[in-house]
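My notes follow in the order in which I made them.

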Amino acid sequence: MKLTLQQITGHNNQESCWVAIHGAVYDVTEFLDSHPGGATVILRCAGKDATEDFDSVHSPELLSEALPETALQGYIDSAELDKLKDTPNTVNEKQPKSVDDSPPSLQSLINLQDFEKVAHQSLRATTWAYYSSGADDELSKRNNALAYQKISLRPRILRNIPTMNTTTAILGYSTSLPVYISPVGLAKLAHSEGECALAAAAGKEGLVQVLANGSSMTIEQVMRSRASPNQPIFQQLYVNKDIRKSIETVRRAERAGASAIWITVDSPVVGKREMDERLNLAVTATDHTEEGKGVAKIVASSISPFIDWEILTWLRQLTDLPVVIKGIQCVEDAVLAYQHGVQGIVLSNHGGRSQDTAQSPLLTLLEIRKFAPHLIEGATAVGLGRPFLFSLSGYGEKGVRRMIEILRQEIETNMVFLGVTSLDQLTPEMCPYKTSFAGI
Ligand code: HEM
Ligand SMILES: Cc1cc2nc3c(=O)[nH]c(=O)nc-3n(C[C@H](O)[C@H](O)[C@H](O)COP(=O)(O)O)c2cc1C
């Protein structure tokens with residue numbers, strides 16, 4: 001049924017909320033309270049065209065999954081739709097840019113910080129805040145990076161290194177670098193191809209990707225975007241307040257062909273990401289809608305804070321896939337994780353986004369090396385989050401591949417300096433640490 005503008009605009013509140021998405025008009029009144037992203041973001045588009053907002057985080061196939069058929073009220077012509085278009089939100093507009101609007105050529109970007117600068121200029125202010133922010137005073141976020149500056153390497157000379165092999169394996173899956181794509185939610189905010197572009201780039205460059213529980217593309221779409229059918233994808237899991245949803249996430253990942261489940265446990269409550277909260281408060285204030293929360297709080301509102309170590313037993317019984325626990329932040333918990341029989345542990349403070357002042361993963365690694373050397377001598381690989389989102393911004397798959405190329409060059413260069421031809425030749429003596437820094 002064709003609808004007119006007048007038939008839609010009146011449904012602009014909590015009692016009756018219609019939105020137009022790609023020319024189809026839906027009654028989402030009943031859905032508002034169960035929307036995992038919160039009612040506010042949909043109410044902001046009530047009685048209007050929600051296509052742009054919807055597309056920025058979701059893929060079209062989500063509509064038929066999430067809404068009953070009865071929600072579809074009819075269709076609206078594109079000419080009418082233009083009149084429905086939301087007025088631009090001034091707070092959420094892009095950051096001021098330089099006179100030249102086109103992004104710099106990829107070859108002119110020579111390190112990961114270059115990608116971060118470009119992303120800062122090109123992303124919407126709210127997206128930049130969600131991606132880049134750390135918790136509270138961002139001490140942990142800064143210390144995560146600073147910790148690396150406190151460690152020196154001991155170069156070895158005259159070793160004649162003709163070739164370097166940067167290959168290693170994560171859970172038995174080969175990776176061309178000791179680096180993987182850490183799970184990051186809502187990649188579509190950076191680029192329309194979102195997590196699919198990350199999958200394509202990972203496959204072509206031989207890296208492994210961990211897909212976030214709150215990803216903007218479905219796992220089926222991501223699987224279809226792989227470079228080859230053998231390319232592994234791991235599914236990250238947050239335990240949902242409604243445990244049935246977590247069971248469904250695991251089952252869906254199994255059906256889609258995921259190769260492991262990574263359960264994230266470092267965010268029983270969400271960290272206070274001040275930049276994210278401030279900006280979203282400003283956006284909702286200009287919209288005259290209810291209190292703003294920040295994307296992070298919205299995204300995390302469904303995570304269960306009421307889980308303990310038994311959750312690993314539950315997960316083991318639920319699936320035969322390998323289980324990795326993400327978010328270990330001290331040696332005691334590394335030992336407990338080992339005792340609970342997981343296949344891998346990720347030392348992480350969530351990129352400094354959960355508890356501020358939480359120690360850096362590098363420090364946790366040193367702690368384990370000192371107090372539980374039987375567990376691990378060093379890490380197998382490093383997961384990066386933000387750098388992948390930043391290189392995706394504006395450039396899509398090509399940007400991600402360029403970023404990986406830079407990492408590859410940097411790793412190879414440093415292997416020559418250390419005098420090793422393969423990663424298994426790296427030893428603790430090449431990377432001493434001062435106990436005064438570690439404090440242990
Ligand atoms: C009106 C149609 C919409 C439907 C049917 C819908 C459906 C959904 C569903 C099913 C999820 C959970 C996804 C998952 O767990 O994988 C979700 C999450 C979310 N939605 Fe929507 N949504 C709609 C509109 C919007 C709009 C307009 C926005 C505004 C930007 C939005 C923002 C979000 C956010 C931030 C999340 C949280 C993602 C996460 O858990 O990481 N949604 N939505
Ligand atoms: C925007 C963003 C979203 C994230 N979403 C998730 C997530 O959904 N699940 C998860 O386990 N970790 C998530 N993380 C944490 C990352 O997986 C990773 O631990 C962290 O970002 C690493 O730090 P880096 O971003 O400085 O590389 C997210 C991080 C960022 C920056």
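This is a predicted model: local features need pLDDT of at least 70, side-chain atom pairs count only at pLDDT 80 or more; totals for chains, interfaces and linings use all residues.

A polar side-chain atom of Ser348 is 3.4 Å from one of the oxygen atoms of ligand 2. I counted this as a polar contact, a pair of N or O atoms within 3.5 Å. The side chain of His350 has an N or O atom 3.3 Å from a nitrogen atom of ligand 2. For Pro183 I noted a backbone N or O atom 2.7 Å from an oxygen atom of ligand 2.

Next I looked up the cover. Ligand 2 taken alone exposes 600 Å², and the protein buries 89% of that (Shrake-Rupley method, 1.4 Å probe).

I then listed the shell, taking residues with a heavy atom within 4 Å. It holds 20 residues around ligand 2, with Ser182, Pro183, Thr264, Gly385 and Arg386 the closest. Nine are nonpolar, eight polar and three charged. Helix H7 (125-132) and helix H17 (386-392) are the elements that give two or more residues to this shell, and H17 has the largest share with three residues. Helices here are DSSP runs of H or I with at least four residues, strands runs of E with at least two, numbered from the N terminus.

I checked H7 for cover as well: eight of its eight residues are buried (under 20% relative accessible area, 1.4 Å probe, protein chains only). Among them are Trp128, Tyr130 and Tyr131.

I moved on to ligand 1. Which protein donors does its iron atom have? They are His35 (NE2) and His58 (NE2), lying 2.0 Å from the iron atom. Donors are N, O and S atoms within 2.8 Å of the metal (3.2 Å for Na, K and Ca). His35 sits in the loop between strand S3 (24-27) and helix H2 (39-43), and His58 in the loop between helix H3 (51-57) and helix H4 (61-66), 23 residues apart. His35 is buried, at a relative accessible area of 13%.

The shell around ligand 1 has 19 residues, of which 14 are nonpolar, four polar and one charged. H3 gives the largest share, three residues. I also noted a backbone N or O atom of Gly214 at 3.2 Å from an oxygen atom of ligand 1.

On conventions, residues are numbered from 1 along each chain as its sequence is written, and chains are lettered from A and ligands numbered from 1 in the order written. Local features need pLDDT of at least 70 and side-chain atom pairs pLDDT 80 or more, while totals for chains, interfaces and linings use all residues; side-chain values use heavy atoms, without hydrogens and water.

Technical notes:
Buried means under 20% relative accessible area, exposed over 50%, partly exposed in between (1.4 Å probe, protein chains only). A polar contact is a pair of N or O atoms within 3.5 Å; within protein, one must be able to donate a hydrogen and the other to accept it, and residues adjacent in sequence count only if both atoms are side-chain atoms. Ala, Val, Leu, Ile, Met, Phe, Trp, Tyr, Cys and Pro count as nonpolar, Asp, Glu, Lys and Arg as charged, and the others, Gly among them, as polar.
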